[in-house]
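Colleague: Could you take a close look at a single part of this model and describe how it is put together, giving the cut-offs behind each term as you go?

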Amino acid sequence: MQYALLIYSKPGAAEALSADEREANHREYMDIKKLPAVVGGASLHPVETATTVRVQDGQTLVTDGPFADTKEVFGGYYVYEADDLDQATEMAMRIPALRLAGAIEIRPVMGPAS
């Protein structure tokens with residue numbers, strides 16, 4: 001089964017690290033990406049580059065950036081092949097964002113639409 005490991009980071013947490021710590025953190029992400037069971041994934045540009053589209057009272061609203069300030073922002077994801085949720089959880093615990101006050105949301109991936 002495939003699981004999406006959605007990575008939420010605390011804004012500014014990585015930037016607060018020293019240059020050496022940031023490099024080690026980046027290497028950890030790249031090492032995870034190389035694992036055979038990781039079948040996809042990507043990091044996202046900063047939340048400040050986002051565009052949000054909503055429909056309100058029948059009108060389409062397009063705004064720059066996120067809708068509201070949050071304590072965590074969605075920064076990237078991995079798609080991970082695992083036998084079960086326990087195995088996916090073990091993989092999620094290796095993601096560096098957890099050590100920097102972030103969170104990992106694990107969600108089963110649905111198969112393609114018929």
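Modeller: In this predicted model, strand β1 (residues 2-9) and strand β5 (residues 73-81) pair in the antiparallel sense over eight bridges, where strands (E, at least two residues) and helices (H or I, at least four residues) are DSSP runs numbered from the N terminus, and two strands pair if DSSP finds at least two bridges between them. Within this pairing, Tyr8 stands opposite Phe74 in β5. The two strands belong to an open sheet of four strands, ordered β2-β5-β1-β6 with antiparallel pairing, in which β2 (38-43) and β6 (103-108) are the edge strands, each pairing on one side only. From one strand to the next the twist averages 20°, with axes taken as lines fitted to C-alpha atoms and angles running from 0 to 180 degrees between N-to-C directions.

As for the basis of these values, residues are numbered from 1 along each chain as its sequence is written, and side-chain values use heavy atoms, with hydrogens and water left out. Because the model is predicted, local features need pLDDT of at least 70 and side-chain atom pairs count only at pLDDT 80 or more, whereas totals for chains, interfaces and linings use all residues.

Of its 15 residues, Leu5, Ile7, Tyr78, Tyr80, Ile95 and Ile104 touch the most other members. Leaving aside neighbours within four places in sequence, Tyr80 is in contact (heavy atoms within 4.5 Å) with residues including Tyr3, Leu5, Val38, Ala88 and Met91.

Ala88 and Met91 bring us to α2, where they are buried together with Ala92, buried meaning under 20% relative accessible area and exposed over 50%, with a 1.4 Å probe and protein chains only. Seen down the axis of α2, its buried residues fall within an arc of 100°, so they line one face of the helix, the arc being that of the directions from the helix axis to the C-beta atoms. These buried residues pack against β1, α1, β5 and β6, while the face turned away from the buried side carries the exposed residues Asp86 and Glu90. At the start of α2, a side-chain oxygen of Asp84 reaches to within 3.2 Å of the backbone nitrogen of Asp86.

Note on methods:
Core = buried A, V, L, I, M, F, W, Y, C linked by side-chain atoms within 4.5 Å. Polar contact = N/O pair within 3.5 Å; in protein donor to acceptor, adjacent residues only side chain to side chain.
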